[in-house]
Protein chains: 2
Amino acid sequence: MQHFIHHSEENYLKTLFKLENKQDKKVNNVALSKALDLNPATVLEMVRKMNDRKLVEVLGDKTIRLTEKGKKKALQIIRRHRLWEVFLVEKLDYKWNEVHDLAEQLEHIESDDLVKRLELFLGSPSVDPHGDPIPDEHGKMKKIKTQALTEAPLKKKITIVALGNSSDEFLKYLDKIGLAIGDTLVISDLEDFDKSVTVLHKKKPLTLSKEVASSLLVAV
Amino acid sequence: MQHFIHHSEENYLKTLFKLENKQDKKVNNVALSKALDLNPATVLEMVRKMNDRKLVEVLGDKTIRLTEKGKKKALQIIRRHRLWEVFLVEKLDYKWNEVHDLAEQLEHIESDDLVKRLELFLGSPSVDPHGDPIPDEHGKMKKIKTQALTEAPLKKKITIVALGNSSDEFLKYLDKIGLAIGDTLVISDLEDFDKSVTVLHKKKPLTLSKEVASSLLVAV
DNA sequence: TATATTTATTTGGTTAACCAAATTTTATAT
DNA sequence: ATATAAAATTTGGTTAACCAAATAAATATA
């Protein structure tokens with residue numbers, strides 16, 4: 001009756017992977033504890049167990065780093081998470097900003113076969129509803145080359161392919177102003193004063209703050 | 001980060017519901033422990049907690065019985081389980097005898113909204129792949145009137161609508177002889193000696209032992 | 001360099017679910 | 001009614017994940 005033991009470990013793996021790939025900042029106990037919202041003592045304990053299981057290694061300067069094995073497992077979880085997100089949005093009509101918590105639960109369902117079938121059922125999508133790439137069954141994930149909207153060329157047709165920030169507030173804001181992944185737009189003006197960007201979107205002009213524009217990633 | 005606490009409780013509820021509705025046998029600690037494959041001390045402890053939560057009550061003769069609240073929760077879990085089974089079979093091409101363990105995991109995903117959407121996505125099926133009825137969102141489940149094949153009339157076209165036994169061995173056996181829920185057949189002979197039943201199925205005669213025939217439930 | 005701050009670690013807890021073995025209670029059979 | 005068997009309960013554990021508070025070690029700052 002014990003099939004739900006690995007949730008914690010899986011959360012550690014996923015969080016670690018994300019931290020490692022966010023900035024090239026080294027991940028220490030404090031950083032991981034904060035990201036997981038857990039007590040450092042708890043995290044230390046778990047990191048040791050995961051070290052025994054060869055999922056992470058602790059370097060001389062106390063940096064916590066995923067091993068190859070750990071990375072593979074992390075990518076598997078990310079794969080599940082993103083495939084389930086596609087399912088929720090495409091098949092169950094959820095909006096892209098509503099699916100995170102559910103996918104967080106579904107990603108822990110233990111069955112590679114299920115994931116494979118789900119992938120086929122969804123038509124082997126390459127990205128999730130937020131534009132993030134979906135790793136293949138071997139854990140290979142192609143990096144999508146993007147640049148922030150603030151860096152993109154003016155007067156050219158460009159497409160939003162991903163987000164640099166997946167917070168609920170940001171997703172809701174985008175929803176509110178009617179912007180979504182896959183939308184195309186043209187930068188009509190770049191205001192030097194406050195770095196805001198004015199674009200033409202669905203025939204209408206739209207001004208985006210520096211904060212917003214820098215989190216909108218477009219195809220390079 | 002604590003969203004997976006209720007698995008145990010949910011398993012107790014579901015098992016209790018099934019035991020109560022199998023025979024009208026009263027469920028005691030031993031019976032429940034055996035069904036859950038857990039130590040009686042463990043079950044006793046949990047039953048007490050569930051009693052505090054008003055999910056079960058323990059009668060004078062130590063019979064453990066679901067309260068209305070408990071029944072409602074149990075039906076909700078059964079509903080989820082059966083809907084996920086439909087999903088796995090209809091959408092992911094699993095065979096009906098392969099889905100139980102996966103559905104066992106999926107049933108614990110916590111979201112009424114998800115279940116509702118899943119139901120709509122599946123076209124609001126009334127039965128699962130084993131022919132068992134799916135409770136509605138309020139926990140109402142219509143009892144399907146069936147009779148064992150051994151009791152059915154001769155020479156009439158009858159349809160298998162459910163199984164009296166969902167063990168893996170039985171499901172595999174049915175798969176092997178090519179029988180499935182929804183199949184129609186006509187009883188050509190009922191052998192008095194060993195109570196075996198000979199039927200015409202897909203134009204071919206097929207003899208079923210008393211054991212098998214009694215677990216094949218047909219529409220009444 | 002000495003002090004302050006941050007980070008890591010240890011220590012001594014907790015809760016939920018589990019178990020085995022001993023004991024008590026209840027039921028059954030003679 | 002008593003021995004026996006079965007069921008319920010108690011007792012004293014375990015493990016996984018968590019925490020707070022104390023301490024130690026490392027790093028930064030004055």
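This note sets out numbered points on the structure shown above.

1. Basis of the model. The model is predicted; local features need pLDDT of at least 70, side-chain atom pairs count only at pLDDT 80 or more, and totals for chains, interfaces and linings use all residues. Residues are numbered from 1 along each chain as its sequence is written, while chains are lettered from A and ligands numbered from 1 in the order in which they are written.

2. Relation of the two copies. Chain A is superposed on chain B, with an RMSD of 0.1 Å, by a rotation of 180 degrees and a shift of 0.0 Å along its axis. The two copies are thus related as by a two-fold rotation axis. The superposition is by least squares on the C-alpha atoms of residues with pLDDT of at least 70 in both copies.

3. Contact between the chains. In this model, 20 residues of chain A are in contact with 19 residues of chain B; contact requires that the C-beta atoms of two residues, placed from the backbone, lie within 7 Å. On the side of chain A that touches chain B, α1, α5 (100–106) and α6 (112–121) of chain A each supply at least two residues. The largest share, four residues, comes from α6(A). By class, this side of chain A has ten nonpolar, five polar and five charged residues. Here Ala, Val, Leu, Ile, Met, Phe, Trp, Tyr, Cys and Pro count as nonpolar, Asp, Glu, Lys and Arg as charged, and the others, Gly among them, as polar. Of the interface residues of chain A, 95% are also interface residues in chain B, so the copies meet through the same surface.

4. Surface near DNA strand D. A residue is near a strand if its C-beta atom, placed from the backbone, lies within 6 Å of it. Around DNA strand D there are 18 residues, of which Asn39(A), Ala41(A), Asn28(B), Asn29(B) and Ala41(B) come nearest. Two or more residues are given by each of α1 (7–22) and α3 (40–52) of chain A and α2 (29–36) and α3 (40–52) of chain B. The element that gives the most is α3(A), with four residues.

5. Surface near DNA strand C. Of the 18 residues around DNA strand C, Asn28(A), Asn29(A), Ala41(A), Asn39(B) and Ala41(B) come nearest. Here α3(B) gives the most, with four residues. The residues of this surface divide into nine nonpolar, five polar and four charged.

6. Sheet of chain A. Six strands of chain A form an open sheet in the order β3-β8-β4-β5-β6-β7, with antiparallel pairing. β3 (146–148) and β7 (204–208) of chain A stand at the edges with a single partner strand each, so one side of each is left without a neighbour in the sheet. Helices (H or I, at least four residues) and strands (E, at least two) are DSSP runs, numbered from the N terminus, and two strands pair if DSSP finds at least two bridges between them. Three bridges join β4 (residues 157–163) of chain A to β8 (residues 216–219) of chain A; Leu163(A) has Leu216(A) as its bridge partner in β8(A).

7. Hairpin of chain B. Five bridges link β6 (residues 197–201) and β7 (residues 204–208) of chain B in the antiparallel sense. Thr207(B) in β7(B) is the bridge partner of Thr198(B). The hairpin of β6(B) and β7(B) has two residues between the strands, and Lys202(B) takes a positive phi near 50 degrees.
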